[in-house]
Amino acid sequence: MTRKPGFPSDQRNGDKEFVIRRAATNRVLNVLRHWVSKHAQDFETNLQLKSKVISFLEEVIHNPELLAQERKAAANIIRTLTQEDPGDSQVTLEEIEHMVLNTPVEPFESLSALEIAEQVTLLDHLIFKKIPYEEFFGQGWMKADKNERTPYIMGTSKHFNHMSNLIATEILRSEEPAIRGCTIEKWVAVADICRCLHNYNAVLEITSSLNRSAIFRLKRTWIKVSKQTKTLIDRLQKLVSSEGRFKNLREALKNCDPPCVPYLGMYLTDLAFIEEGTPNYTEDGLVNFSKMRMISHIIREIRQFQQTSYKIEHQPKVTQYLLDTTGVLDEEGLYEASLRLEPKLPT
């Protein structure tokens, strides 16, 4: 049997090594490109990491064996890391907190429902987008040291409770049932605008506040609320209801385009369910990649909503009202105030 002529052995080995090097280079560049574009927060909070990646890419670019497309890909990653994103001119939470320090608090009556809804949405999104993805691992928000392990998740929860208390306090501020009824109608209008802005977190902040015992029991107040508003409340409550594992809210999130502020508690429940119900390792002692993929899918969806900012202009007079804690009652104070306004009837 005659052997067909072929390339010399050393040339074949050289070609094989070249192909392996090209494949490895492309894989590394693709991983870095995905990391830089999808998880920019890692490089914003860790300048040392950013510097090391840039140095590595610059070293790669100066490799004489690099192909033109590989050199271009590395240069694009460096450009993404070093340039400011001109499309994201959104004010930061720190800037807002600094600006409102010397701003006089506007009364609720002087603010329109649209102004409140826009600034609630801006605040909710700024607080939501600051949560680093590593806080979603290991159910840190359920541990004894949760404030140290997941400070941003706990900050989101604290803001939710503050808003709920603020809304209830505003309703109870007046002695007149008619005025309290008007306040409820205005907050429901805010919730409906937030729904249009895809801020489902605020819809839940407002509807949950209306369901609190201190507000729900005010019979003379609810008589003053129009049927249209009550119908709208029912629709909003169904949208963010926890029934069927937040079935309606999930459907709304699936069909909406960012920007959006989802309800974080829904995702935390999902993550806790996966962590507790699925082992980290298979029966063969191998890593349970199925579990890791489920967790990754949830965090990817959260990151998608974090990365698209709202183009809402900051209004200090409104955010000062929303962030002001002066006179805002806690659960016990709210119920006492409601009893003072509408005492319990003897049974």
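**Contacts, cores and rings**

Biologist: Leaving aside its neighbours within four places in sequence, which residues is Glu115 in contact with?
Modeller: This is a predicted model, in which local features need pLDDT of at least 70 and side-chain atom pairs count only at pLDDT 80 or more, while totals for chains, interfaces and linings use all residues. Residues are numbered from 1 along each chain as its sequence is written, and side-chain values use heavy atoms, with hydrogens and water left out. Taking contact to mean heavy atoms within 4.5 Å, and with those neighbours set aside, the partners of Glu115 are Ser110, Gln315, Lys317 and Val318.

Biologist: Is Glu115 buried or exposed?
Modeller: Glu115 lies in helix H6, a helix being a DSSP run of H or I with at least four residues, numbered from the N terminus. Its side chain also reaches the backbone nitrogen of Ser112 at 3.1 Å. Buried means under 20% relative accessible area, exposed over 50% and partly exposed in between, with a 1.4 Å probe and protein chains only. Because its relative accessibility is 17%, Glu115 counts as buried.

Biologist: Which residues of the largest nonpolar core touch the most other members?
Modeller: A nonpolar core is a set of buried Ala, Val, Leu, Ile, Met, Phe, Trp, Tyr and Cys residues joined through side-chain atoms within 4.5 Å. The largest core here holds 75 residues, and those that touch the most other members are Ile116, Phe136, Trp187, Leu210, Ile215 and Leu322.

Biologist: How many aromatic pairs are there, and which residue pairs with Trp35?
Modeller: Rings of Phe, Tyr and Trp (its six-membered ring) pair if their centres lie within 6.5 Å, and planes under 30 degrees apart count as stacked, over 60 as edge-to-face and the rest as tilted. By this rule the count comes to five aromatic pairs. One of them is tilted, with 5.0 Å centre to centre and 55 degrees between the planes, and it joins Trp35 to Phe43.

Biologist: How do Trp35 and Phe43 stand, buried or partly exposed?
Modeller: Phe43 has a relative accessible area of 3%, so it is buried. Trp35 is at 28% relative accessibility and therefore counts as partly exposed.

Biologist: How many residues apart in sequence are the parts that Phe108 and Tyr321 tie together?
Modeller: Phe108 and Tyr321 form a tilted pair, 6.0 Å centre to centre with 35 degrees between the planes. Phe108 lies in the loop between helix H5 (93–99) and helix H6 (113–129), and Tyr321 in helix H17 (residues 316–323), so the parts they tie together are apart in sequence by 213 residues.

Terms used:
Helices (H or I, at least four residues) and strands (E, at least two) are DSSP runs, numbered from the N terminus. A polar contact is a pair of N or O atoms within 3.5 Å; within protein, one must be able to donate a hydrogen and the other to accept it, and residues adjacent in sequence count only if both atoms are side-chain atoms.
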